[in-house]
Amino acid sequence: MKTKITIAITGLNNTDNPGPGVPVIRGIRESEAFDARIIGLAYENLEPGIYIPGIIDKTYQIPYPSAGSDELMQRIFQIHELEHIDVLIPNFDAELFTFIIGKERLAEKGIRTFLPTLQQFEEREKTNLPEYGEKYKIKVPNSKAITSYHDINNLRQEFDYPLLVKGKFYDAYLAYNPEQVINHFNKISAKWGLPVIIQEFVKGTEVNVIALGDGNGNTIGAVPMRKQYITDKGKAWGGITVSDQKMLDITTKLISETKWRGGMELEMIKTSQGDYYLIEINPRIPAWVYLAIGAGQNMPEALVQMALGKEVKPFTKYDIGKMFIRYSWDMIGDISQFEQLSINGELEL
Amino acid sequence: MKLKSNVAISDSGFVFDANTGESYSLNPIGIEILNELKQSKITEDLFAYLNNKYEVAEFTLEQNLMDFLSQLKQYGIIDE
Amino acid sequence: MSKLAYERPIINKINAGVPDKYGMQTQVGSIPYIDEIPVEKLLSEYGSPLYAVSEKIIRRKYREAHKAFSSRYPKVQFAWSYKTNYLDAICKVYHSEGSWAEVVSGFEYDKAILNGVEGHHIIFNGPDKSEEDLKKAVENKSLIHIDHFDELYMLLAIADSSKERPKVAIRINMDTGIHPQWDRFGFNYENGEAWNALNRILVSKKLDLVGLHTHIGTYIMSGAPYAVATSKLIDLALRVDEKFNHKIKYLDLGGGFASANTLKGAYLSGKDTCPSYADYADAITNTILNSELDPNNLPTLILETGRALVDEAGYILGTVLANKRLADGRRSMIIDIGINMLFTSFWYDHDMVPAKPKSQFTEDTSIYGPLCMNIDVIRSAIRFPSLEKGENVVIPRIGAYNMTQWLQFITYRPNIVLIDQEGKTHVIRKKETMDTFKAQEISPKYLG
């Protein structure tokens with residue numbers, strides 16, 4: 001018999017730069033274990049997930065994390081009064097900090113989460129990559145934070161061209177000479193502030209792994225994928241599961257050493273010599289999670305189980321050669337739905 | 001002065017302007033004013049109506065009303 | 001028939017989908033009382049605008065901070081950072097809690113003496129110390145933190161002609177992994193300049209090297225850089241001990257702790273990201289306790305925290321002067337608090353609330369000060385309820401820097417009141433008058 005459960009989920013923006021909310025919900029909907037009532041938590045009134053039939057039972061609008069965690073928690077507790085949320089799964093990078101520092105407050109009210117610790121969350125930040133690589137003995141591209149033109153002249157001593165010029169939060173450009181570095185430095189620092197990160201350009205194929213850690217060092221699931229086609233925003237619109245034992249070994253080793261808790265995505269570059277370089281760790285389930293579900297590892301379901309405190313047996317296999325192909329699809333909505341969400345802050349389709 | 005014909009107001013305070021596709025939200029007194037403007041009105045009558053009904057200094061009401069009406073004009077949802 | 005309660009009519013355009021800088025509509029709170037005294041009453045008694053400082057909060061924050069450090073480390077001394085707020089009454093509250101004085105100019109030094117601080121409890125920092133200042137500090141046995149070699153040589157000369165052996169520390173700048181790295185104050189650690197200065201002092205034998213000082217930056221959002229700074233100071237202390245058999249008596253980690261205000265451009269609210277005193281204390285004290293320093297002869301830990309202690313205790317109260325509609329339809333509200341009285345609005349998005357609770361209906365609003373200057377913007381974009389002319393607003397967490405860096409411009413600087421622990425108010429700096437200016441200005445006779 002399926003367990004009745006209420007799950008609140010964010011990240012419903014299934015646009016051309018999609019959030020993971022909708023695929024996470026699909027995983028839960030397809031679960032044999034749960035009969036779930038899905039509560040959508042939306043920051044914006046046009047997040048597509050809100051309007052897709054059969055995905056969300058009821059959507060509530062919530063304030064941005066930038067308003068402060070008190071405001072956000074207050075709203076969630078208000079929703080909790082009505083809905084009795086059992087598990088909450090946040091899916092946006094920008095909100096994770098707020099939910100991580102708020103997880104005790106949520107737990108006190110009976111809302112369970114399954115998130116990394118603040119320490120795990122912070123040490124994998126982009127500006128800390130070199131230290132992270134050293135600490136966990138993982139190859140990372142040489143990188144250096146710079147704050148002035150003066151530093152650009154000295155880059156030749158440490159880097160070969162081309163190199164990557166990256167922003168603190170987003171943006172990355174390839175530069176072939178110091179003039180281009182200056183150019184990108186100006187652009188990036190104006191947008192994201194200092195420091196600007198200079199990173200060795202590692203040539204190779206990008207491979208990604210989606211993984212789930214139980215917080216005790218065990219890897220509950222891991223599926224590697226190679227992007228087959230990338231949009232102009234750098235997002236995969238097609239990908240395929242691959243058999244890559246080395247990549248899986250790196251993942252299980254990292255999870256065992258960091259005792260990672262929750263979903264994650266490792267972005268790596270595999271060179272022609274067969275070396276793997278860690279580029280970035282996303283501290284949450286990625287938007288392509290439905291591929292993992294399709295390949296036999298329902299990670300959203302497993303994450304909910306762990307949030308409920310149940311022991312979960314690790315997945316031992318996945319299907320190789322499963323593909324995902326993203327597509328866009330126009331739905332028909334009505335102004336009355338938009339009205340309900342905009343004025344009352346809630347919508348039931 | 002009158003609300004344009006294709007502008008719909010709901011009790012919740014949601015305004016949909018079918019001419020432009022824009023939508024707006026109102027507070028309760030805003031809803032009341034827009035409902036009054038479904039019939040053609042001159043500013044003086046509207047002022048007198050509100051002044052009778054609400055506890056407010058005349059100059060405050062006058063200022064607020066002028067400001068509100070000028071916004072409605074700017075958004076293009078009323079006709080002169 | 002009685003009339004209904006009034007609220008001004010509001011219409012807001014609903015922006016579909018796109019996140020805008022105003023964010024989702026959330027109810028704006030209110031601050032009707034400061035330490036149980038109605039805001040309206042304060043303003044009617046002392047005029048608007050008005051700075052109000054809560055003694056209760058000063059003492060509470062100080063004790064929290066002191067406890068965070070003293071519960072982890074045996075020898076802790078705070079020194080009140082005068083530049084953060086050097087109103088005598090405020091300084092005296094800190095001194096009564098046991099705080100020394102940390103000053104950065106001759107003016108602040110004299111203020112500390114007048115406030116009754118003993119000479120050997122004054123730390124004299126900063127790049128601008130005149131010969132006269134230094135002589136006075138030497139006589140008073142104050143702790144002189146040397147900023148550059150020119151000062152070091154001047155002190156050596158003063159030592160020759162003085163009975164007192166000057167008590168000194170050097171200020172050290174260093175790479176602690178934060179940006180920007182403050183390298184303009186003191187001697188650099190990495191390039192060996194700090195070590196040179198220490199050698200010069202110890203070889204001369206004319207100066208008594210008592211401490212090592214650093215101040216790594218401002219608004220540091222984590223404890224980690226302090227751990228790096230502490231270990232670098234310890235490294236120097238150990239080398240000094242090894243080479244000269246000389247024990248450093250104190251490590252001064254300066255200030256730079258953040259307050260809960262939100263920096264402009266920050267995505268998350270300062271209330272969420274500001275580390276606790278315990279976070280900083282852990283980083284610093286663990287580094288000392290785990291170091292090679294002799295556990296039976298540990299140095300005193302000095303902290304010069306300013307902002308993180310006093311910001312929360314200060315409020316500025318003001319009044320709405322006018323509401324306007326801008327050319328693009330946005331609402332703007334003019335208040336009698338200008339950027340000249342709220343210097344920190346250049347780098348913070350200050351919280352701002354009405355004094356009286358308002359309905360949940362808010363509008364996108366720009367809030368301007370009263371100066372006839374385009375830069376006078378208190379908040380460029382905030383969701384704010386509608387307030388009429390004459391209604392009151394409160395800006396909390398402004399106790400740091402605003403009462404020292406303020407600028408007199410086109411009008412008088414307002415009253416500052418202290419609310420004591422019993423809830424009584426005291427004017428601690430009087431509103432300026434025309435006489436304030438007459439006292440300073442002189443017109444040449446021929447101008448009549």
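This is a predicted model: local features need pLDDT of at least 70, side-chain atom pairs count only at pLDDT 80 or more; totals for chains, interfaces and linings use all residues.
1. Ground rules. Local features need pLDDT of at least 70 and side-chain atom pairs count only at pLDDT 80 or more, while totals for chains, interfaces and linings use all residues. Residues are numbered from 1 along each chain as its sequence is written, chains are lettered from A in the order in which they are written, and side-chain values use heavy atoms, with hydrogens and water left out.

2. Chains B and C. Here 27 residues of chain B are in contact with 19 residues of chain C (contact means heavy atoms within 4.5 Å). The pair buries about 2,200 Å², with 55% of that on carbon and sulfur atoms; buried area is the accessible area (1.4 Å probe) that two parts lose on being put together, summed over both.

3. One to click on joins Asp67(B) and Arg325(C), at 2.6 Å from N to O. On chain B's side, α3(B) gives the most residues, 9 (helices are DSSP runs of H or I, at least four residues, and strands are runs of E, at least two, numbered from the N terminus). By class, that side has 13 nonpolar, 10 polar and 4 charged residues, with Gly counted among the polar ones.

4. β5(B) and β1(C), residues 4-5, pair in the parallel sense over 2 bridges (strands pair if DSSP finds at least two bridges between them). Glu55(B) has Ala5(C) as its bridge partner.

5. Chains C and A. In this interface, 16 residues of chain C are in contact with 23 of chain A. About 1,600 Å² is buried, 67% of it on carbon and sulfur atoms. The rule finds 0 salt bridges here.

6. The sheet in chain A. Six strands form an open antiparallel sheet in the order β13-β12-β9-β10-β11-β14. β13 (276-282) and β14 (323-325) of chain A each have a single partner strand, so one side of each lacks a neighbour in the sheet. β12(A) and β13(A) are joined by 6 bridges, and Ile269(A) stands opposite Tyr277(A).

7. Helices on that sheet. α9(A), residues 245-258, touches β9, β10, β12 and β13 of chain A, at about 40° to β9(A). α11(A), residues 299-307, lies across β9, β10 and β12 of chain A, at about 30° to β9(A). Angles run from 0 to 180 degrees between N-to-C directions, using axes fitted to C-alpha atoms, for helices over the stretch in contact.

Technical notes. A salt bridge is a side-chain nitrogen of Lys or Arg within 4 Å of a carboxyl oxygen of Asp or Glu.
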